[in-house]
Amino acid sequence: MRKIWIMIVLLIIGVSSHAQDMTALVLKVKEKLDQVNDYEAEGRMKTDVAFIKAPIGKVKVYFRKPDRFRLKKDGGISLLPKGGVSVNIGSLVATQNFMALGAGEAVVDGIATKVVKLLPSDENSDVVLTTMYIDEANLLVRKAVTTTKENGTYEVQMSYGKFAQYGLPDKVIFSFNTKNYKLPKGLTLEFDDNEKPATEAEKLKNRKGRVEIRYTNYTINKGLPDSVFK
Amino acid sequence: MVPMQDIITVNNLSKKFRNLKAVDNISFTVREGDVYGFLGQNGAGKSTTIRMLLTLIEPDAGDISLFGLSLARHRHEILRQVGAVIEKPDVYKYLSAYDNLKLFARLSGIKPTEQQIREQLAMVGLADRAADKVKTFSQGMKQRLGIAIALVHDPALIILDEPTNGLDPQGIADIRNLILHLSRDRNKTVLVSSHLLTEIEQVATRLIIIDKGKKLVEGAAADLFDPAQTLVSLDTLNNQQAMEQLANGPWAGALQPQRDGQIYLKLHRNQVPQLHAYLVQAGIPVLALQPRHSLEDYFLQVTSGKQYVQSYTN
Amino acid sequence: MFSLIQIETYKIFRRPRTYIAFAAITSLIVLIQFGLKVDGKSYLDFMLNDLSTTLQIEGNIMNGYLVCYVMLQLLLVHVPLLIALIAADMISGEANMGTLRLLLTKPFSRTQLMLSKFIASTIYTLLLLIWLAFLALFVSMWIFGTDDMFLMKSSYVVLLKENDVFWRYIGAFVFAALAMTTVAALGFLLSVFAENSIGPIVATMSVIIFFTILSTLNIPIFNTVKPYLFTTHMISWKEFFDIQVNDANEAINGSIQNLPKILQSAAILLIHIVVFVWAAIWVFRKKDILS
C-alpha cells in the first residue's frame with residue numbers, strides 16, 4: 001500500500017516537475033517576444049484554398065501588446081480563415097493562465113523542436129488546445145496547432161529570418177480545414193455543364209486551405225495609433 | 001415633232017399564285033404623254049400587273065420594259081423615273097408629312113431643299129399640316145401626301161393604283177383634276193388603275209380592260225368610246241309601238257340593239273330633250289329616258305354585264 | 001447604301017416603341033441598384049452563407065463591379081426580348097404598316113435594303129448595350145464604388161483585383177454585343193415571313209425563352225443538345241470573369257481561364273448571325289410583296 005502511495009507521489013512530482021519545465025520554456029519564449037511592444041509589418045498574402053482563385057495581395061499587419069492584432073489588406077477584399085490569422089504567438093502566450101505539458105520532441109523544417117501542449121485554464125477560452133513546436137536553442141516557435149471550439153483546427157507554421165531576434169517570422173503559413181463549397185447553378189445562373197476533369201474536380205474537394213503571408217518589412221516599437229485596430 | 005416614245009411595254013406577262021392565274025398572258029403599251037386607264041373589277045389582276053411593273057412581284061413569264069429598258073436589267077435607272085401610289089397611300093405614321101416627304105425623296109436619290117418640300121406639300125394642299133404626324137391625317141390627306149411622295153423626285157412616269165379608293169366625292173374630283181394637271185401641264189405619263197369607271201372615262205386617253213387576268217381590250221379612249229355620245233335607255237308604256245315609231249322615223253340611225261326589253265339609243269346629250277319632244281308628239285307615253293355613261297356601257301358589253309357594273313351605276 | 005443605313009436608323013429612333021426598351025432597361029437597373037443599395041447585405045449574407053462558416057470575408061464586396069455582374073446576369077436574359085421588339089419588326093412592321101411596297105419601288109436593291117435594315121437594328125442593339133453598360137457599370141461604380149471583385153460561382157469563388165476588372169467588362173460587353181446581335185439577326189430573319197408585327201416578335205421571344213430553358217435545365221438528355229443551342233453560347237461573356245491560377249494556386253492577374261471557349265462561342269454566334277442574315281436576304285429577295 002505504501003508502495004502504491006509512493007508511486008503516485010513520484011508520478012505527480014515527476015509529471016508536475018516536467019510540466020514546470022515546459023512552462024519555463026514558454027515563459028522564456030514569451031519574454032523574448034515581450035521586447036516588442038508593437039509592430040507594423042508589410043507583407044504579401046497568398047490564399048490557397050482549392051475553391052478560391054485569388055491573386056497575391058499586399059497586406060499590412062499591426063500588433064500591440066498584449067493582444068491587439070489587425071491584418072489589413074491594402075484595399076480590396078480579403079479572405080481569411082475565420083479567427084485563424086488573428087491568432088499570433090504573442091497572444092497565444094499572453095496570459096499566464098495555461099498549463100504547459102511537454103509531449104516529446106519533433107523536427108520541423110529540419111530543426112529540432114520541443115513539443116509543448118498548452119491548455120488554457122480559462123473555461124471560456126475559445127482555444128481548447130495548442131500544440132507548440134518550440135526551437136529551444138533560438139527560443140522561436142516553429143509551428144503551432146490550435147484547436148478551437150468555434151473555428152476548428154488550424155495550423156500555423158513559421159519561418160524566421162532577419163527579425164528572428166524579436167521572435168518575428170518572415171513567413172507564416174496558416175493551414176485550416178474548409179467545408180465543401182457549392183452554390184446551386186440556378187443561383188449563379190451557370191448553364192454550361194462542362195463537367196470539370198476528374199482531377200480538377202478532385203482538387204476542388206481538397207478541404208485543406210492555406211493562407212501564406214510573407215513579411216517583407218517590420219517597423220518595431222515605433223508606436224501605433226488606436227485607429228489602426230478599428 | 002418628237003416621235004412618241006413607248007414608256008411601258010409589256011409582253012405576254014403572266015403570274016400564277018398557287019392555282020390562281022392572277023395575270024394571264026397580258027400585253028400592252030403605254031406611250032409618252034398617255035393617261036393610261038387600267039380597268040377591271042376587283043381581283044381582275046390590275047394590282048398584280050402594277051406590282052410587277054414596280055418589281056414588287058416577280059413575273060412567271062413575259063417581259064417588261066420601261067423607257068425602252070428592260071426592267072429586270074435596269075431596275076434602278078427605271079425606278080428613279082417612276083413615282084407610284086400603290087393601293088392605300090401608307091406612309092410612316094409616326095413621322096410628320098414633312099419628314100415622310102423628305103425621307104422618300106432621299107430614298108429616291110434626291111435631296112430636296114426645305115423650300116422644295118414645302119412647295120410639294122402646298123401643291124397637294126398640305127402646307128399647313130406639314131409638321132403634323134401622319135397618324136392624325138384623314139384618308140384623303142394621306143392620299144394627297146402619297147401623291148406628293150410619288151411626285152417629289154419629279155418622275156416621268158406616275159403609276160396610281162386605285163387612287164380614289166376610300167375618298168369622298170370631293171377627294172375623287174381632286175385626284176381627277178390632279179391627273180389632268182400632271183398630264184396636260186407637266187407632261188407626265190400617268191398609268192391609273194381603277195374599278196371606278198367614271199374616273200377613267202373622264203381622264204384616260206388610252207385604256208385597257210382586263211378581266212380574270214386576261215386582257216379584254218386595249219386602245220385609244222376615243223376609239224373605244226366617244227365621250228360626246230351618250231347611250232340612252234328608253235322605257236315607255238308600249239315599247240313595241242315606240243320601237244316601230246323610232247325605227248321608221250328620223251331617230252332610226254341612233255337605235256341600238258334592244259336589251260332586257262329596254263330600248264337603247266346612242267346620241268349626243270343635247271339631243272335627249274329633242275328625242276323626248278318627238279316621242280311626246282308621236283303620242284308615246286314615256287316612263288323613263290335615262291342617259292347612261294358610255295364607258296360603263298362599253299364595259300358592260302365587254303365584261304358581259306357584270307353585276308358590279310350595275311351596282312356602281314346605282 | 002450609307003444613306004439607306006442612315007434612313008433606317010433614323011426610322012428606328014423616331015419610333016416611340018424604340019424607347020420602351022431604353023425605359024425598361026433603365027427602370028430595371030434602377031430597381032436592382034436600389035434593392036442592392038438598401039438590402040444588398042442580406043443578399044450577400046445569403047450568398048456567403050456557406051463560405052462564411054470557415055472564412056472571414058472583409059471588404060466592400062457589394063461594389064459597383066459585382067453589382068454590374070449581378071445585373072448583367074439578370075438583364076442579359078431579358079434584353080433579347082427588348083431587341084426582338086425592334087429587330088423582329090424590321091420587315092414585318094413595314095409590311096403591316098403598308099410602307100414596304102412603297103419602299104421597295106425605290107431605286108435600290110432588296111439586298112441593300114436588307115443589309116441596311118440589319119445594320120440599323122445592330123446599331124440599335126449596340127446603343128441599347130451602351131446604355132446598359134452606362135447604367136449597370138458606370139452608374140453602379142459611382143453609387144457603389146469600386147473594389148476587388150468577389151465572384152461566387154457554383155463550385156468555386158474568384159477574387160479579381162480591382163485593376164484587373166475593367167478590361168474584362170469591355171470584353172464582356174463586346175461579347176454581349178455579339179450575343180445580342182445574334183438575337184437581332186434571328187428576329188430579323190423571322191420578320192421576313194410575316195406581315196404583322198406581333199408574330200415575329202412573339203416567335204423570336206419564344207425561341208429565345210425555349211432555348212434558354214433547354215440551356216438551363218440540367219437534365220442529361222438535354223445536355224447533348226446544349227452545345228448546339230446559340231443561347232448556351234450567349235452566356236460565355238461570363239468566362240471573362242474567370243481567372244487562371246498557377247501551380248501554386250495563385251490567380252494570374254490579367255489572365256482568362258478559358259479563352260478558347262470564349263472564342264469558340266464567339267465564332268458560333270458569328271456563324272449564326274451570318275446564316276440568319278443570309279437566309280433573311282435570300283428569302284426576301286424571292287418574296288412577292290403582296291402587303
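User: Does B:Leu157 count as buried or exposed?
Analyst: This is a predicted model. B:Leu157 sits in strand E7 of chain B, residues 157-161. Buried means under 20% relative accessible area. B:Leu157 has 0% relative accessibility, so this residue counts as buried.

User: Which residues does B:Leu157 touch, not counting residues up to four places away in sequence?
Analyst: Contact means heavy atoms within 4.5 Å. Leaving out residues up to four places away in sequence, B:Leu157 touches B:Ile7, B:Ile8, B:Leu66, B:Phe67, B:Gln81, B:Val82, B:Gly83 and B:Thr189.

User: How many Å apart in space are B:Leu157 and B:Asp211, C-alpha to C-alpha?
Analyst: In sequence, B:Leu157 and B:Asp211 are 54 residues apart. In space, C-alpha to C-alpha, the two are apart by 24 Å.

User: What is the strand order in the open sheet of 4 strands in chain B?
Analyst: The pairing in this sheet of chain B is antiparallel. Strand E2 (20-31) and strand E5 (69-70) each have a single partner strand, so they stand at the edges. The order is E2-E1-E4-E5.

User: Which residue in E5(B) is the bridge partner of B:Leu66?
Analyst: Strand E4 of chain B covers residues 61-66. E4 and E5(B) pair in the antiparallel sense over 2 bridges. In E5(B), the bridge partner of B:Leu66 is B:Leu69.

User: What area is buried between chain B and chain C?
Analyst: The size of an interface is often given as the accessible area lost when the parts come together. Here 31 residues of chain B are in contact with 29 residues of chain C. Carbon and sulfur atoms give 57% of the buried area. In chain B, the residues that lose the most area to chain C are B:Leu56, B:Tyr94 and B:Leu107, together 24% of what that side buries. The area buried between chain B and chain C is about 2800 Å².

User: Which residue forms a salt bridge with C:Arg14?
Analyst: The rule finds 3 salt bridges across the interface of chain B and chain C. A salt bridge needs a side-chain nitrogen of Lys or Arg within 4 Å of a carboxyl oxygen of Asp or Glu. For C:Arg14, the closest N and O atoms are 3.0 Å apart, and the partner is B:Asp99.

User: Which element gives the most to the side of chain B that touches chain C?
Analyst: Elements that each supply at least two residues of this side include strand E1 (6-17) and helix H3 (97-107) of chain B. With 5 residues, the element that gives the most to the side of chain B touching chain C is H3(B).

User: What area do chain C and chain A bury between them?
Analyst: At this interface, 47 residues of chain C are in contact with 42 residues of chain A. Carbon and sulfur atoms account for 55% of the buried area. Chain C and chain A bury about 4100 Å².

User: Which side chain meets A:Lys53 in a salt bridge?
Analyst: Across the interface of chain C and chain A, the rule finds 1 salt bridge. The N to O distance is 2.9 Å, and the side chain that meets A:Lys53 is C:Asp242.

User: Which residue in E3(C) is the bridge partner of A:Lys53?
Analyst: Strand E2 of chain A covers residues 52-53. This strand and E3(C) run parallel, joined by 2 bridges. In E3(C), the bridge partner of A:Lys53 is C:Val158.

Terms used: Residues numbered from 1 in each chain as written. Chains lettered and ligands numbered in written order. Predicted model: local features only at pLDDT ≥ 70, side-chain atom pairs only at ≥ 80, totals over all residues. Heavy atoms only, no water. Buried < 20%, exposed > 50% of the residue type's maximum accessible area, 1.4 Å probe, protein only. Buried area = accessible area lost by both parts, 1.4 Å probe. Pairing = 2+ DSSP bridges.
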